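This briefing is meant for a reader who is meeting the structure for the first time. Please look over the sequence and the 3D view before turning to the points below.

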Amino acid sequence: MWNTLKRWYHQLGSPRYFYRFADAVLPWLWPLALIILAIGLVWGLAYAPVERYQGDSYRIIYLHVPASSGALMGYIAMGVAGLVCLVWRMKMAEVMLKALAPFGAVLAAVSLISGAIWGKPTWGTYWQWDARLTSMLILLFMYLGVMVLQSAIRDPRQAARAASLLALVGVINVVIVKYSVEWLNTLHQGATLNLFSESSINPAMKYPLLISMLGMWLLYAANVLMRARAEVLSRERRSGWVRKLVEGH
Amino acid sequence: MSGPWWATLRRELTLIWRSPADMVQPLFFFMVVVSLFPLGLSPKPELLALVAPGVVWVAALLAVMLSLDGLFRRDQESGALDQMLTAPVVSVLPVSAKLLAHWLLTGLPLALMAPLLGYMMQLPVPALATLTYSVLLGTPTLTVIGAIGAALTVGLNRGGILLALLILPLYVPVLVFGAGVVRAAVDGSPTQGLLAVLGALLALALSLGPLAVAMGLRISAGD
């Protein structure tokens, strides 16, 4: 099992193999992600029970939490890719780093906007300088920073390495920012889902939430694979297999 | 007092000392920005005292950031940077000497200037000492973090605004605790704990920062 995983990891490190893998996976990953996300959202928005205090307005959680968790995990994944990129100089890690940023930034923006819409009926205001809102805003800025730096450097390998260092520093920063603004001010409700202890959410509300989270992550994965596939093609445009691929069509 | 570290430190100090404008500009910027606020907001003492911690801190932070834009650029143009990176010493040594020199001649003067500006912003006198300590502890962190951004953008000829986009989000924790500790001092609450947090951020920046700066310089040099 371990050896299979290891071999798979090494194979995916080769752009050509990765291209074939992405090509095989994407046609069913897109519909799968969309269907799962649709099931989660429809279940949550239409069929899950009404919340006692917030009424129907709580239902935006089915968009808000998946987007927030996706944005957070995406940045951590960028940090991991950055580490791999700086330590082992793996080409595919550079590609992944670049592919992870745009959709992550979109998710951070979705999280902020849905949070603002949710904030109006529950807190009485669209925007508060609350700990979690502020951290998500800084996270969005850091996504944009990585993207801006990457687009400013012409050589793709150098751009990826520079972005890797920034993403790594950024991961440390996200943690510190979270604690510092928490000390400053907090209004946000506590975590609804908890991995290691009993969640504070009714199971009838939890399952649609988990499903829509899964759907959002798969959608993110599909987007990353698609971007990475295009990036691989552009980087390897001078190699024989790409030429053969293009001429074959 | 010889060896690569001291040699770099002496070189940097001499260089900055011989072009005093580089040293004076951040200070001047700091003063001008802070004095814009009473003109823009209102000269009411109680209002100014309320916003003073944040205003002084944001101005100090911007002054440090702007001063960092040229930190490696001149060395890169003259080729001294490549010499530094290919020299047979760990590149963290000259980098850390450079950072120290830069802080001594920009961050330290900012900290010494801060109580004056705090007083002009109507901060109560007992809080001025805390303001000085916080700027003293905070600016080296800002210098180190900003140097990472300066190292990554050194080869690009449109550094300024790009540098700001990269490093301002990284400055958030220092700003929160730096301005926070001054507010605590104004309210009369204990400040040691928050100053200790600023010290902890400084320790983190000093231990990992120079490594990241050296790595950033190597990435910009195209390895």
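The structure is a predicted model, and the predictor gives the complex an ipTM of 0.85 and a pTM of 0.86. In chain B the secondary structure comes to 10 helices and 0 strands, and 21 residues of chain A are in contact with 18 residues of chain B.

**Confidence in chain B**

- The mean pLDDT of chain B is 89, with 98% of its residues reaching 70 or more.
- Among the elements of chain B, the lowest mean pLDDT, 83, belongs to helix α5 (residues 80-86) of chain B, while the highest, 93, belongs to helix α7 (residues 125-152) of chain B.

**Overall build of chain B**

- Read from the N terminus on, the elements of chain B run α-α-α-α-α-α-α-α-α-α.
- The radius of gyration of chain B is 18 Å, which is close to the 17 Å that the globule rule gives for 223 residues, so chain B is as compact as a globular protein of that length.
- Along its principal axes, the C-alpha trace of chain B spans about 55 × 35 × 30 Å.
- Of the 223 residues of chain B, 49% count as buried.
- Among the contacts in chain B with a separation of 6 or more, 80% are accounted for by residues 24 or more positions apart.

**Where the two chains meet**

- On the side of chain A that touches chain B, α5 (131-152) and α6 (156-184) of chain A each supply at least two residues.
- The largest share of that side of chain A, 12 residues, comes from α6(A).
- Sorted by class, the side of chain A that touches chain B has 16 nonpolar, 4 polar and 1 charged residues.

**Spans annotated in UniProt**

- An unreviewed UniProt entry carries the annotation "transmembrane region" for residues 21-48, 60-88, 100-119, 131-150, 162-181 and 207-228 of chain A.
- In the model, residues 100-119 of chain A are 100% helix and 0% strand, with the end C-alpha atoms 28 Å apart, and residues 131-150 of chain A are likewise 100% helix and 0% strand, with the end C-alpha atoms 29 Å apart.
- For chain B, the UniProt annotation "transmembrane region", again from an unreviewed entry, covers residues 21-41, 47-68, 100-121, 133-154, 161-182 and 194-217.
- Residues 161-182 of chain B are 82% helix and 0% strand, and their end C-alpha atoms lie 29 Å apart, whereas residues 194-217 of chain B are 100% helix and 0% strand, with end C-alpha atoms 33 Å apart.

**Nonpolar core**

- The largest nonpolar core has 137 residues, and the members that touch the most other members are Met96(A), Leu97(A), Leu166(A), Val56(B) and Ala60(B).
- Leaving aside neighbours within four places in sequence, Val56(B) is in contact with Val34(B), Ala114(B), Leu117(B), Gly118(B), Met121(B) and Leu131(B).

**Gln150(A) and its surroundings**

- Gln150(A) is found in helix α5 of chain A, and Gln150(A) counts as buried because 21 other C-beta atoms lie within 10 Å, where 20 or more are needed.
- Not counting residues up to four places away in sequence, Gln150(A) touches Lys98(A), Ala159(A) and Ala163(A).
- Although Gln150(A) and Lys98(A) are 52 residues apart in sequence, they are 7.8 Å apart in space, C-alpha to C-alpha.

**Two loop residues with positive phi**

- Most residues other than glycine have a negative phi.
- Arg89(A), which is not a glycine, has a positive phi of about 50°; Arg89(A) has its place in the loop between α3 (61-88) and α4 (91-123) of chain A and is partly exposed, with 14 other C-beta atoms within 10 Å.
- Gln122(B), also a residue other than glycine, has a positive phi near 65°; Gln122(B) is found in the loop between α6 (92-120) and α7 of chain B and is partly exposed, with 17 other C-beta atoms within 10 Å.

**Ala196(B) in helix α10**

- Ala196(B) has its place in helix α10 (residues 192-220) of chain B and is partly exposed, with 13 other C-beta atoms within 10 Å.
- The C-alpha atoms of Ala196(B) and Ala184(B) are separated by 14 Å, the two residues being 12 residues apart along the chain.

How values were computed:
Residues are numbered from 1 along each chain as its sequence is written. Chains are lettered from A and ligands numbered from 1 in the order in which they are written. This is a predicted model: local features need pLDDT of at least 70, side-chain atom pairs count only at pLDDT 80 or more; totals for chains, interfaces and linings use all residues. Helices (H or I, at least four residues) and strands (E, at least two) are DSSP runs, numbered from the N terminus. The radius of gyration is taken over C-alpha atoms; the globule rule is 2.2 Å times the number of residues to the power 0.38. A residue is buried if 20 or more other C-beta atoms lie within 10 Å of its own, exposed if 12 or fewer, and partly exposed in between; C-beta atoms are placed from the backbone. Two residues are in contact if their C-beta atoms, placed from the backbone, lie within 7 Å. Ala, Val, Leu, Ile, Met, Phe, Trp, Tyr, Cys and Pro count as nonpolar, Asp, Glu, Lys and Arg as charged, and the others, Gly among them, as polar. pLDDT is the predictor's confidence in each residue, from 0 to 100. UniProt positions are given in the numbering used here, feature names are shortened, and annotations may be inferred rather than shown by experiment. A nonpolar core is a set of buried Ala, Val, Leu, Ile, Met, Phe, Trp, Tyr and Cys residues joined through C-beta atoms within 7 Å.
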